Amino acid sequence: MKLTVSPDDSVSDVLSATTTALVGAPDEVAHECQIIVDEFMANMKFHVLPHAPDINWVLELDKSDSDVTIKFRYSGEKFDPTPATTSVNQRPIEQREIGGLGLVLISSLSDEQHYHYHDGVNEWTIKKHF
Amino acid sequence: MSLTIDHLQSTAETVSLALIGALDSETAPQLDSTLAELITPETRVVAINMGAVTFISSAGLRVIFKTLKQMKVRGGQVSMSQMSKGVRKVFEIVKVMPDLTVFASQDEMDEYLAEIQRRES
C-alpha cells in the first residue's frame, strides 16, 4: 500500500490508513509503526512546512510477510536525521529539555534505518521486522 | 483516531483524569489545554488512567514531560495507572519511568489519591 500524504491530510486520516494497511501484522508492530508515522507527520507539520509550505512529501508504507517498510521522502535542504536518534538524556526530568523525543522513538522502535539524499530529495527508509 | 479526556475528579491538591484513544500529534494539544485549565497553583498530583490509551507518540510525551516538570518543581508528581505494554515501552525508551509514580490498577491509584485527600482535610 502506498500512502501519498499532502500537508492538508489530517494525522488521524493517515493513522487510520496506516491501521488498514497493517492488518495482519502483529499488534505490537502495527502499534509501533503508527508511532513512527505520527512522528513523521508531526515533524513535517511543525518543523518543515512552516518554513516551506509548498514542499512535496510522500509517505510510502509496504507490508510483506515478514516486515513493514516505511519510506519517507521530501524535497528540500539535506537533513540527515540519524545523528539525532542515538541517545536519550538520562538526567532527572527537571534538568531535561522537553523536545527531541520523536527521532529517538523512531530509532528505538525500528529495526533498520537508511538515509539518502539525492537530486534535492531527502529519503529516509525505516524497516520493522516481525 | 481521537482522544477523549474524562475528568474523574479534582481536589485541592489533585487532578485525576482518564484518557481514551490515541495521544498523538493531533490530539496531544487537547490534553495540554485540559491540564492547563485543571491544574491550579495548589495542585501537587496529576493522576492519569492510561488503560484505554491506544498509543502515545512524542507529542503526547511532551505534554506528560511538561506536566511532570511543573509538578516536580512544586515537590509534586504525576501518577499513571494501567499502562499497556506498548505505552509503557514508549515511556521506557525515553527513560521517564523513574520520574513517574505508576500503579497497576485504578483501585490502587484511587487509594493513593484518597490518602492525599485525608491529609488535605
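Read from the N terminus, the elements of chain B follow the order β-β-α-β-α-β-α-β-α, where helices (H or I, at least four residues) and strands (E, at least two) are DSSP runs, numbered from the N terminus. In total, chain B holds four helices and five strands. The model is a predicted one, in which local features need pLDDT of at least 70 and side-chain atom pairs count only at pLDDT 80 or more, while totals for chains, interfaces and linings use all residues. Residues are numbered from 1 along each chain as its sequence is written, and chains are lettered from A and ligands numbered from 1 in the order in which they are written.

The overall form of chain B comes next. Its C-alpha atoms fill a box of roughly 40 × 25 × 25 Å along the principal axes. Of the 121 residues of chain B, 38% count as buried. Here a residue is buried if 20 or more other C-beta atoms lie within 10 Å of its own, exposed if 12 or fewer, and partly exposed in between, with C-beta atoms placed from the backbone. Among the contacts in chain B with a separation of 6 or more, 70% join residues 24 or more positions apart, a contact being two residues whose C-beta atoms, placed from the backbone, lie within 7 Å.

S3(B) is mostly covered, with nine of its 12 residues buried. On one hand, S3(B) pairs with strand S2 (residues 14-23) of chain B in the parallel sense over nine bridges; two strands pair if DSSP finds at least two bridges between them. Within this pairing, Gly21(B) stands opposite Val53(B) in S3(B). To get from S2(B) to S3(B), the chain passes through helix H1 (residues 28-38) of chain B, in a β-α-β crossover that is right-handed. A crossover has this hand if, with the strands pointing away from the viewer, the path from the first strand over the helix to the second runs clockwise.

S3(B) also pairs in the parallel sense with strand S4 (residues 77-81) of chain B, over five bridges. Ala47(B) has Ser79(B) in S4(B) as its bridge partner.

Which residues of H1(B) are buried? They include Ala28(B), Leu31(B) and Leu35(B). Viewed down the axis of H1(B), the buried residues fall within an arc of 60°, so they line one face of the helix; the arc is that of the directions from the helix axis to the C-beta atoms. An α-helix has 3.6 residues a turn, so residues three or four places apart point the same way. The cover over the buried residues of H1(B) includes strand S1 (3-10), S2, S3 and H2 of chain B. On the other side of H1(B), Pro29(B), Ser33(B), Ala36(B) and Glu37(B) are exposed.

Two loop residues of chain B also deserve a look. Most residues other than glycine have a negative phi. Gln82(B), however, has a positive phi of about 55° although it is not a glycine. Gln82(B) lies in the loop between S4 and helix H3 (85-93) of chain B, and it is partly exposed, with 19 other C-beta atoms within 10 Å. Lys95(B) likewise has a positive phi of about 55° without being a glycine. Its place is the loop between H3 and strand S5 (101-103) of chain B.

Turning to chain A, there are three helices and five strands, in the order β-α-α-β-β-α-β-β from the N terminus. Lys128(A), in strand S5 (residues 121-129) of chain A, is buried, with 22 other C-beta atoms within 10 Å. Among the residues that Lys128(A) touches are Glu32(A), Cys33(A) and Asp67(A).

Finally, the contact between the chains takes 23 residues from chain A and 25 residues from chain B. H2(A) gives the largest share of the side of chain A that touches chain B, eight residues.
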